[in-house]
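Okay, thanks for making time, everyone. Let me put this one up on the screen and then talk you through it.

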Amino acid sequence: MQLRLLAVWPLVSALIALLCLAPGAASESARASFSQPLAGLSAEQEAHFLEGAAIFRQRWFAHGEGDPEFAGLGPTYIAPACAACHVRAGRGRPPTRQGEALRSLVIRLGIPGRGAHGAPRPHPAYGDQLRSRAIAGVPSEGEVFVEYDAEPGQFGDGTAYQLRRPVYVFFRLAFLQLGDAAMHSPRVAPALPGVGLLEAIAESDILARADAEDADGDGISGRPNHVWDPLSGTHRLGRFGWKANQAGLLQQAAGAAFDDMGLTSALHPGPTCPPPQRACREAAAAAANGAAELSAERLAALTAYLRHLAAPGRLSQGAISRPIAICCCMIWARDLPTVGPISRPTGANGAPRRCGAWVRSRQ
Ligand code: HEC
């Protein structure tokens, strides 16, 4: 949903900047403030949330190494745990220094045209993203670092400024060069609190607010993205990811487990290896025992965790009065009722609270 990206990003970045300046930002409670459960969960829901939180933090291992309970990492992957990129369910960061390795940034790859179900066409040798790590005996796909080009400019009053344009440099590519037709798109890991509320907004309410040409002149425009949903086997409105390429949180979690960590599941029986990657395919075949590496139960727990992640409350020393993720709700979904599977807080008469009411109740 570009709509969401365009609408939300300026405020989110301003609030993140404020958070960094806030006294107490480094306190323990502030550190954990992105990974708290929504208030008002039942004991059963809270237990499911905690189970999901543990799987979110869990480091996974290659088959035959480490804890066999959590085997299935790779053959190629980017990070061994969800929390490696979404640290404490917060956002990742792009590299700040020239030549610094990418940690929580994913490089999506593709070539022109459309693939199955109208999705972007994956690169023939590297698939839909570059996996920079691999298990023993399998080559990793390659690495990327970033360089910054300076781009000078001038404000209206003549004051000079300089912007930095990132240039992504691919090296140690294990298969072919990417080729001239290849396209790449860097994506930093977003913060996760509040995603359950975004999943719970009715599709019709989102579509009603799509304003592709900014006809209402409020400076916010966006168009909905319709994506293939492997769960329902239909096209649905995309909601998650910077370009709204996943329809729901379960699909997003299963997609992340597969694409970023190499874990197969019922939605992605795998393996993750594009055609030229023979060692990858052989390793996957040797490890396969017919069972999904991320079981349906664990995927459900991960989804419950994401759905019930509360937006952070006020910091103890009080420099900020509004929670960060909720600002998304406020900007373009203020006063929308939420529908769907989230167990959201209810008002005094038991009726679901509207998004705006929930925001006010947290200030
Ligand atoms: C290698 C880093 C990395 C790992 C590991 C990772 N993610 Fe992500 N995550 C990202 C990036 C980057 C995005 C944005 C993707 C996009 O725009 O397509 C994202 C997006 C998401 C979103 C959507 C957030 C939003 O606001 O739209 C959710 C939910 C999510 N990840 C959950 C998970 C879960 C659950 C796991 C573990 C199974 C996981 N992620 C593992 C990097 C990672």
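I'll go from the overall picture to the core, then the ligand, then the sheet and a hairpin.

Two bits of housekeeping. This is a predicted model, so local features need pLDDT of at least 70 and side-chain atom pairs count only at pLDDT 80 or more, while totals for chains, interfaces and linings use all residues. Numbering starts from 1 along each chain, as its sequence is written.

So, the overview. The protein chain has eleven helices and nine strands; those are DSSP runs numbered from the N terminus, with H or I and at least four residues for helices, E and at least two for strands. Of its 363 residues, 36% are buried. Buried means 20 or more other C-beta atoms within 10 Å of the residue's own, exposed means 12 or fewer, and partly exposed is in between, with C-beta atoms placed from the backbone. Take the contacts between residues at least 6 apart in sequence: 62% of them join residues at least 24 apart. A contact here is two C-beta atoms, placed from the backbone, within 7 Å.

Now the core. The largest nonpolar core has 60 residues, and A253, A257, L302, Y305 and L306 have the most contacts inside it. By core I mean buried Ala, Val, Leu, Ile, Met, Phe, Trp, Tyr and Cys residues joined through C-beta atoms within 7 Å. Which element gives the largest share of this core? That's helix 7, with eight residues. A253, leaving aside neighbours within four places in sequence, is in contact with L299, L302, T303 and L306.

That takes us to helix 9, residues 296-307. Nine of its twelve residues are buried, so helix 9 is largely enclosed by the rest of the structure. Among the buried ones are R298, Y305 and R307. The cover over them includes helix 3 (43-57), helix 5 (195-199) and helix 7 (249-261). As for geometry, at 1.5 Å a residue helix 9 should span 16 Å, and its end C-alpha atoms are 16 Å apart, which agrees. That expected span is 1.5 Å times one less than the number of residues.

On to the ligand. There are 29 residues around the ligand, and C82, C85, G241, W242 and A256 come nearest; the criterion is a C-beta atom, placed from the backbone, within 6 Å. Elements giving two or more residues to that shell are helix 4 (82-85), strand 7 (183-188), helix 7 and helix 9. Helix 7 has the largest share, seven residues. By class, the shell has 21 nonpolar, five polar and three charged residues. For the classes, Ala, Val, Leu, Ile, Met, Phe, Trp, Tyr, Cys and Pro are nonpolar, Asp, Glu, Lys and Arg are charged, and the others, Gly among them, are polar.

Strands pair if DSSP finds at least two bridges between them, and strand 2 to strand 7 has six. G110, for one, has M183 as its bridge partner in strand 7.

Last stop, the hairpin. Strand 8 and strand 9 form it with four residues between them, and G233 in the turn has a positive phi of about 70 degrees. Four bridges join these antiparallel strands. H235 is in strand 9, with W228 standing opposite.
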